[in-house]
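Hi there,

Here is the structure I promised to pass on to you.

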Amino acid sequence: MQLKQLANRLYLGIGGLCVFWAFGMLSVNELAKSSILMATCLPGITGLFVICRARPRWLSASTLLLLFLFFLDAAVKGFLRDHFGLRPNHSMVLDAIVNTNPAETNEFFLHNWRDVAEAAAMFLIVMASAAWGERRFSRRELGEEILPEKRGTKIAVAALLGAFIALHFNPTMAKENPLLFWPMRYMDYQSQVLAAAEMQRNITLNMARRTEWMVQYRGPEKNTVVWVIGESLNRNNMSLYGYARQTTPLLDALRPDLIVFNDVLSSAPATMSSLMKMLTPADLDNPDAWSHKPDVLMLAEEAGYKTFWISNQVPNDGWLGVVSGQADERVFINKGAGRGENNFDANLLPGFATALSDQAPKKLIVVHLLGAHPTYDMRYPEDFARFDGVEDAVAQGLSDQGRSPWIRQLRDQYDNAISYNDHVVGSLIQRTMNTMQEGSASLLFSSDHAQEVGHTRNHAGQSVADSSGYEIPMVVWTRSFPGKNPMTKTALEQRPYQTDHLEHTVMGLLGIQSRYYDVSNDILNDKFMPRPRRINGKPYPRVVEPLASTK
């Protein structure tokens with residue numbers, strides 16, 4: 001009798017997990033690990049109430065509490081898997097969670113309320129079904145004869161509890177425990193906070209050892225370099241790269257004056273982990289080098305540059321706040337609590353004009369945009385809503401691919417944001433061309449990462465699994481090519497690149513040589529050497545299989 005009671009509860013738990021797996025919310029690996037934990041935990045803990053002859057409601061309460069924890073964990077993992085394209089213990093998700101705030105969290109739920117509602121509905125349905133099953137089992141057991149405990153039952157319960165505890169000596173299994181998973185993530189958060197503090201100490205230490213950087217300036221007497229960092233921009237949505245919609249008319253018009261690189265990938269599909277590699281000697285092979293080596297701003301200042309940081313992002317935003325805080329001049333127009341603030345990137349133009357007109361002979365101006373960061377329709381004014389409800393080849397293609405109505409709507413909004421970004425970036429380029437008439441001047445524009453917006457699946461947002469999460473634009477305007485034997489423009493634009501080495505290209509434009517500058521990683525130099533590229537730890541190019549979707 002007792003073992004039958006425990007088996008009935010286990011059927012409910014394993015069955016519920018299988019439902020989450022069937023709808024693509026758990027991987028086979030996650031299903032297996034969660035099932036093993038549940039097979040030892042559920043009958044082991046509830047078995048204590050059975051052999052102690054506790055009141056039936058204690059057996060029901062303990063069962064439902066354990067099922068609640070496992071099912072809630074599965075629903076959250078399913079949502080994160082669908083949204084990010086990976087399981088939620090990946091560093092990209094941690095970056096997103098750590099570097100957020102209430103306003104951005106509100107925007108996140110505003111943008112993804114359908115996905116949240118689907119995950120919540122799945123959880124409620126499975127939990128309600130389990131509660132109904134538990135109620136039926138409890139009623140049936142009330143009418144059955146209560147037999148004395150069998151010694152075998154006690155041994156089985158003790159063995160299961162022992163196995164459950166033993167599983168936690170395996171770190172992989174311990175991380176699957178729903179009670180431990182999120183506390184361990186909080187510990188990761190604390191470690192990142194400590195890492196940021198350590199980085200600040202390392203910056204101070206590095207500044208005291210500047211002679212070890214071996215910085216030498218080899219550029220012209222007057223030099224201005226503008227680095228425009230975009231946000232969440234997929235080059236496949238830009239007419240500059242052949243997109244069917246005319247989303248970049250200004251850049252298209254400037255095309256003869258630009259070097260448009262056709263095959264550039266971000267190093268990560270998330271802002272912080274990508275910028276850590278773009279701004280510092282860190283790369284995919286040495287991802288932690290940002291914590292103990294100088295960033296581009298530090299090297300530029302050592303070479304005699306006046307540095308500017310002009311941003312529509314959040315001031316004092318974790319690690320990035322530490323880096324931007326080193327600039328000589330800082331302008332942050334986003335006065336709200338996060339990226340959710342409805343402040344348009346064009347509002348950066350007056351501050352940018354002031355920086356351009358500064359009389360310093362050598363200037364590095366970093367402009368950090370909000371670009372097309374979700375929620376897309378908050379990134380542009382109404383007069384840029386050019387593609388809302390447009391029936392064209394793009395809309396027909398999405399329909400033919402079976403994309404849902406809201407994904408098609410989000411694609412329209414995303415293309416609107418790309419169009420407004422074209423207005424902002426084009427204006428930055430034009431102002432640089434028109435203002436900097438004396439001396440050397442260059443502008444580099446790239447994005448931190450891209451977005452999956454119905455390109456390969458029914459999803460809109462970041463994605464670690466899809467190449468669309470990495471394929472970014474990169475454009476350079478400069479009065480002359482660096483290097484003694486410059487290549488033709490067409491050949492230069494075909495060079496493959498990944499932005500974990502972008503700081504080398506920036507240093508090349510700055511005319512800085514140091515122990516951290518490698519000419520073979522400078523895409524504009526004639527000594528450039530292509531490197532193997534990776535996305536999600538796998539070689540690129542490759543065929544990326546879209547994730548299963550529940551939509």
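Let me begin with the charged pairs: the structure holds 16 salt bridges. Please keep in mind that this is a predicted model.

One of the salt bridges joins glutamate 438 to lysine 222, with the closest N and O atoms 3.5 Å apart. It ties together distant parts of the chain, 216 residues apart: glutamate 438 sits in the loop between helix H16 (405–435) and E7, and lysine 222 in the loop between strand E1 (216–217) and E2. Glutamate 438 is exposed at 58% relative accessible area, while lysine 222 is partly exposed at 40%.

Another salt bridge brings arginine 245 and aspartate 415 together at 2.7 Å, N to O. Here the partners are 170 residues apart, with arginine 245 in the loop between E2 and helix H10 (249–254) and aspartate 415 in helix H16. Both arginine 245 and aspartate 415 are buried. They also belong to a salt-bridge network with Asp392 and Asp412.

Strand E2 (residues 223–230) deserves a look too. Eight of its eight residues are buried, so the strand is largely enclosed by the rest of the structure. E2 runs parallel to strand E6 (residues 362–368), joined by seven bridges, and pairs in the parallel sense with strand E7 (residues 440–447) over eight bridges. Asparagine 223 faces lysine 362 in E6, and valine 225 stands opposite serine 442 in E7.

On confidence, the mean pLDDT of the protein chain is 86, with 87% of residues at 70 or more. Residues 337–341 fall below 50, though, and residues 543–551 stay under 50 as well. Where pLDDT is low, the predicted coordinates should not be read in detail.

Best wishes

How values were computed
Residues numbered from 1 in each chain as written. Predicted model: local features only at pLDDT ≥ 70, side-chain atom pairs only at ≥ 80, totals over all residues. Heavy atoms only, no water. Buried < 20%, exposed > 50% of the residue type's maximum accessible area, 1.4 Å probe, protein only. Helix = DSSP H or I, 4+ residues; strand = E, 2+ residues; numbered from the N terminus. Pairing = 2+ DSSP bridges. pLDDT = per-residue confidence, 0-100. Contact = heavy atoms within 4.5 Å. Salt bridge = Lys/Arg side-chain N within 4 Å of Asp/Glu carboxyl O.
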